[in-house]
Protein chains: 2
Amino acid sequence: MTDFAATKAQFHLPDGMIYLDGNSLGPLPKTAPAVVDAMMKQQWGDMLIGGWNKAGWMAQPTALGDQVARLIGAEAGHVTLGDTLSIKVVQALAAGLRLQPDRKVILTDNGNFPSDIYMAQGLIEALDQDYELCIVDPAEVAARIGPDVAVVLLTQVDYRTGAMHNMQSLTQTAHQSGALVIWDLAHSAGALDLDVSACNADFAVGCTYKYLNGGPGAPAFIYVAPRHIGQVEPMLSGWLGHAAPFDFAPDYRPGNGIERMRVGTPPVIQMASLAAALEIWKDVDLAQLRQASIDLSEQFIDLVEENCPMLRLVSPRNAAHRGSQVSFSFSEGYAAIQALIDRGVVGDFRAPNIMRFGITPLFIDADDITQACAIMADVMNNRLWDLPEYKVKSAVT
Amino acid sequence: MTDFAATKAQFHLPDGMIYLDGNSLGPLPKTAPAVVDAMMKQQWGDMLIGGWNKAGWMAQPTALGDQVARLIGAEAGHVTLGDTLSIKVVQALAAGLRLQPDRKVILTDNGNFPSDIYMAQGLIEALDQDYELCIVDPAEVAARIGPDVAVVLLTQVDYRTGAMHNMQSLTQTAHQSGALVIWDLAHSAGALDLDVSACNADFAVGCTYKYLNGGPGAPAFIYVAPRHIGQVEPMLSGWLGHAAPFDFAPDYRPGNGIERMRVGTPPVIQMASLAAALEIWKDVDLAQLRQASIDLSEQFIDLVEENCPMLRLVSPRNAAHRGSQVSFSFSEGYAAIQALIDRGVVGDFRAPNIMRFGITPLFIDADDITQACAIMADVMNNRLWDLPEYKVKSAVT
């Protein structure tokens with residue numbers, strides 16, 4: 001039984017803030033600064049170059065990858081960490097296309113995170129003008145899958161609306177047509193009770209700084225199904241993905257299994273912070289997490305709809321089709337989010353008119369939701385957002 | 001006038017250790033743990049998502065890039081940080097090839113770091129089978145440059161021998177044949193008095209965890225000459241290299257100038273550590289650093305040759321052709337390095353028989369060199385390396 005009061009106590013949450021943005025950047029685990037400080041002083045400081053072996057830095061991407069593997073339902077030994085999500089997307093995409101030499105369509109949807117689409121565009125431009133990136137509405141993906149589709153590249157949970165694809169059925173549909181599927185789990189890992197193995201996902205990628213709380217710029221992860229990894233020829237064939245990096249051999253030879261998806265030197269300081277965050281996850285039952293997320297989300301939807309009639313729900317009402325965020329549309333959504341932030345309710349805005357709120361049971365409870373909704377009702381009904389300073393957009397929202 | 005006693009005092013150097021491996025991983029700046037701790041608690045902890053704007057995280061890759069720019073003689077505003085060196089190599093290479101559509105040869109040498117060669121191999125496999133990777137001896141590079149060469153990809157300082165290419169003359173030779181040059185400055189930045197701008201380098205890349213002391217896994221850097229950047233179409237077209245990332249537009253549009261070489265979310269915790277290291281560099285005169293490096297290197301060579309006749313210098317004897325490391329060959333080099341490490345003299349081993357020592361005036365002085373050489377004489381002349389436990393290789397050396 002996950003004790004969510006206990007997990008909440010393990011995070012630093014600023015006084016007076018209700019943080020409904022853990023789907024963008026998770027909060028600081030209280031232990032993380034000390035873990036990082038010890039890594040810096042006792043490992044980097046005292047071991048220096050010896051840290052690669054003695055402190056296990058070299059093995060860390062795959063060791064921590066095993067902890068992430070459990071959270072996404074992957075087989076142990078088939079997840080590794082490093083780089084950024086955009087890099088992991090292009091690694092998976094390049095590998096998937098190479099496994100499908102006779103097919104030229106990359107299928108995605110317009111709910112995919114733009115960086116995934118940009119990475120696909122850049123890769124196509126570089127690789128071969130014959131590739132076609134086909135972007136359809138999320139609801140049309142299944143129907144568009146056909147014998148010309150090499151790879152289906154989808155983010156499971158839409159970053160704007162929270163609408164969730166059915167991983168199992170879409171993967172099955174793709175496989176029936178001979179297509180491979182890359183699942184971007186940026187808004188899924190640490191939010192849902194995932195099972196990429198049971199779903200027969202071909203590739204999965206994601207980041208660790210959102211629901212997993214690894215810290216700003218925490219490394220990304222990549223999973224390759226055991227049935228594929230032996231055939232994967234990495235485009236980004238860096239030395240730490242080599243079978244024997246320290247032989248300094250003249251030719252690249254892919255490393256064993258998932259190790260070949262490593263590229264360069266791992267970000268050891270970021271890894272220490274992530275390791276602290278993953279400690280909290282060790283005791284979390286994901287089915288209970290998912291149920292808590294649904295309960296809190298429904299409480300939030302009910303209270304907002306009851307008290308803020310000007311907000312329109314854009315997330316699916318049916319929890320089975322919704323990830324762990326709730327979004328509302330409002331024409332002055334940007335200003336409204338700024339006014340809420342000023343009153344301690346932190347959500348975020350996504351163009352053109354979406355107010356987005358992450359539901360993260362690890363550190364948000366029913367009292368937080370009640371309190372946040374009371375503040376929202378005040379801000380919305382009393383038009384507290386209607387001030388000029390709330391309407392000037394900053395670079396990052 | 002750089003006060004090297006003052007810079008030395010700014011590093012944590014373990015008692016009884018003479019660290020001649022700053023060319024592999026620089027030591028811990030004393031301020032770095034506190035800078036990182038403050039970033040974690042006051043920025044991540046208290047600002048949470050607001051840190052991207054309020055703490056300047058989003059602007060940091062290019063702001064810190066300007067500090068690196070000074071150290072490599074680049075124009076301000078033309079260096080950005082992120083990812084790993086292997087990723088930056090492939091970004092530069094893909095961009096360079098695209099600028100040269102009618103040429104199919106990538107020229108490198110067998111003194112290049114293997115990961116650079118591996119990344120080129122992986123890119124060629126993915127891109128187009130017509131590309132040819134031509135690998136010659138370092139001394140043959142200039143002669144091989146011709147009208148078929150698209151890009152010359154070189155590490156300026158050979159990671160094994162410390163032999164140094166002449167950046168100015170090779171770049172000029174390449175340009176005379178219409179080839180572009182990518183300089184990997186992994187073993188140059190923070191070691192030499194560089195001027196990539198005066199040399200007309202087309203691209204330069206490097207890492208910040210060696211001589212720059214940014215910490216294990218610190219981000220890499222990339223420079224693109226101002227005359228090229230407007231024409232560069234990034235293959236790794238991630239959202240943070242987009243002209244307007246937070247518009248979430250459906251199509252990639254390259255960012256302004258060097259910003260387009262950014263890919264994904266920057267590693268903010270690593271950046272804080274690097275920022276602490278770069279503070280030390282602000283007062284360093286690079287010409288004085290280079291002279292100090294030459295003086296210490298010559299002292300080291302003289303003492304080793306005088307006292308350890310079994311070691312053969314494999315670095316160039318002429319300082320003008322040598323970077324900031326000194327390497328000797330010895331058939332039992334691996335064991336000898338282990339014996340030295342056990343006695344507090346930390347160098348490293350590179351296959352097949354190279355004992356490698358980094359000369360880093362920021363924290364190594366003439367007394368250190370004298371003392372290290374006395375220990376080396378004892379270890380070598382008394383065969384203290386001749387123990388079975390020194391002969392078992394570990395994974396990382």
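Here are legends for a few close-up views of this structure, which is a predicted model.

**View 1. A salt bridge joins A:Lys8 and A:Asp365.** Side chains of opposite charge can pair when their charged atoms come close. Here, the side chains of A:Lys8 and A:Asp365 meet with an N to O distance of 3.1 Å. A:Lys8 sits in helix H1 (residues 4-8) of chain A, while A:Asp365 is in the loop between strand S15 (354-358) and helix H13 (366-381), so this pair ties together parts that are 357 residues apart in sequence. A:Lys8 is partly exposed, at 22% relative accessible area, and A:Asp365 is partly exposed too, at 29%. Look for A:Asp368 as well: A:Lys8, A:Asp365 and A:Asp368 are linked in a network of salt bridges.

**View 2. A:Glu279 pairs up with A:Lys282.** This is another salt bridge, and its closest N and O atoms are 2.8 Å apart. How accessible is A:Glu279? Its relative accessibility is 43%, so it counts as partly exposed. A:Lys282 also counts as partly exposed, at 45%.

**View 3. B:Asp37 and B:Lys41 make a salt bridge within one helix.** Over in chain B, both residues belong to helix H2 (residues 32-47). They are four residues apart, which is about one turn of the helix. The closest N and O atoms of the pair are 3.0 Å apart. B:Lys41 has 39% relative accessibility and counts as partly exposed. To put these pairs in context, the count over all chains comes to 31 salt bridges.

**View 4. Negative charges gather on the surface of chain A.** Which residues form this patch of negative charge? They are A:Asp295, A:Glu298, A:Asp302 and A:Glu306. Take A:Glu306 as an example: you'll find it in helix H11 (residues 286-307) of chain A. Its relative accessible area is 62%, and over 50% means exposed, so A:Glu306 gets that label.

**View 5. B:Thr2 reaches for the backbone of B:Asp285.** B:Thr2 is in the segment before helix H1 (4-8) of chain B. Is B:Thr2 buried or exposed? With a relative accessible area of 8%, B:Thr2 is buried, because the label applies to anything under 20%. The side chain of B:Thr2 comes to 2.7 Å from the backbone nitrogen of B:Asp285.

Definitions and conventions. Residues are numbered from 1 along each chain as its sequence is written. Chains are lettered from A and ligands numbered from 1 in the order in which they are written. This is a predicted model: local features need pLDDT of at least 70, side-chain atom pairs count only at pLDDT 80 or more; totals for chains, interfaces and linings use all residues. Side-chain values use heavy atoms; hydrogens and water are left out. Patches are made of residues with over 30% relative accessible area and no salt bridge: like charges are joined within 9 Å, nonpolar side chains (Val, Leu, Ile, Met, Phe, Trp, Tyr) within 5 Å. Accessible areas come from the Shrake-Rupley method with a 1.4 Å probe; for residues, only the protein chains shown count as cover. A salt bridge is a side-chain nitrogen of Lys or Arg within 4 Å of a carboxyl oxygen of Asp or Glu. Lys and Arg count as positive and Asp and Glu as negative; His and the chain ends are not counted. The place of a charge is taken as NZ of Lys, CZ of Arg, CG of Asp or CD of Glu. Helices (H or I, at least four residues) and strands (E, at least two) are DSSP runs, numbered from the N terminus. Buried means under 20% relative accessible area, exposed over 50%, partly exposed in between (1.4 Å probe, protein chains only). A polar contact is a pair of N or O atoms within 3.5 Å; within protein, one must be able to donate a hydrogen and the other to accept it, and residues adjacent in sequence count only if both atoms are side-chain atoms.
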